[in-house]
Amino acid sequence: MKLTEEDRKQIVLYRIEKAKSTLCEAKDNIELENWNTVANRLYYACYYAASALLIKHEYFSKTHEGVNSLLGQHFIKTGIIDPKHGSTYSKTLALRQKGDYNDMVIIDPDQVKQLATPTEELITTIENLISSQP
């Protein structure tokens, strides 16, 4: 996918804002105790932030696993982003897949609630990284 510099900049900004608004949706659903929805929204908040970072650096993936892999390869393993954030991304991905695709699955409320703060930290870390780079 070939984007102009301006296109990439606009998509990156859009995805960061989408990450933040999706995190708010997750928090709202915690109050409503919609645990599968919380798991879904936490993952997508991470996904939008991670994909913003990848797009900024001209890395593209057509799959969610690909985004996870590229984030790990280019930002976690290189030490640019703390490995705990890679773990957050992987945990939210696994929970989202479990809740969205498996029948009769009940998401553990404590497990998903514990991911809200790390998800927010991941988004903040990525937003700061994007802002600090030319």
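Student: Is cysteine 24 buried, partly exposed or exposed, and why?

Tutor: Buried means under 20% relative accessible area, exposed means over 50%, and partly exposed lies in between, with a 1.4 Å probe and protein chains only. Cysteine 24 has 46% relative accessibility, so it counts as partly exposed. Some ground rules. This is a predicted model, where local features need pLDDT of at least 70, side-chain atom pairs count only at pLDDT 80 or more, and totals for chains, interfaces and linings use all residues. Residues are numbered from 1 along each chain as its sequence is written, and side-chain values use heavy atoms, leaving out hydrogens and water.

Student: How many disulfides does a search of the whole structure find?

Tutor: A disulfide is a pair of cysteine sulfur atoms within 2.5 Å. The search finds zero. For cysteine 24, the nearest cysteine sulfur belongs to cysteine 46, 14 Å away. Cysteine 46 is likewise in no disulfide. Its relative accessibility is 0%, so cysteine 46 counts as buried.

Student: How are two packed helices described?

Tutor: By the angle between their axes and the distance between the axes. Helices are DSSP runs (H or I, at least four residues), numbered from the N terminus. Axes are lines fitted to C-alpha atoms over the stretch in contact, and angles run from 0 to 180 degrees between N-to-C directions. Take helix 2 (residues 35-56) and helix 3 (residues 64-76): their axes come within 10 Å and cross at roughly 55°. That makes helix 2 oblique to helix 3. Angles under 35 degrees are roughly parallel, over 145 roughly antiparallel, 65 to 115 roughly perpendicular, and the rest oblique.

Student: Which residues of helix 2 and helix 3 meet?

Tutor: Contact means heavy atoms within 4.5 Å. Helix 2 brings residues including Tyr43, Tyr47 and Leu54, and helix 3 brings residues including Val67, Leu71 and Phe75. The residues of this contact divide into 10 nonpolar, two polar and no charged. Ala, Val, Leu, Ile, Met, Phe, Trp, Tyr, Cys and Pro count as nonpolar, Asp, Glu, Lys and Arg as charged, and the others, Gly among them, as polar.

Student: Where is threonine 119, and what is it in contact with?

Tutor: Threonine 119 sits in helix 6 (residues 116-132). It is buried, with a relative accessible area of 0%. Leaving aside neighbours within four places in sequence, threonine 119 contacts Leu23, Leu42, Ala45, Cys46, Thr88 and Thr92.

Student: Is isoleucine 30 buried or exposed?

Tutor: Isoleucine 30, in helix 1 (residues 5-32), has 17% relative accessibility, so it counts as buried. Beyond neighbours within four places in sequence, isoleucine 30 contacts Trp35, Val38, Lys113 and Ala116.

Key:
Helices (H or I, at least four residues) and strands (E, at least two) are DSSP runs, numbered from the N terminus.
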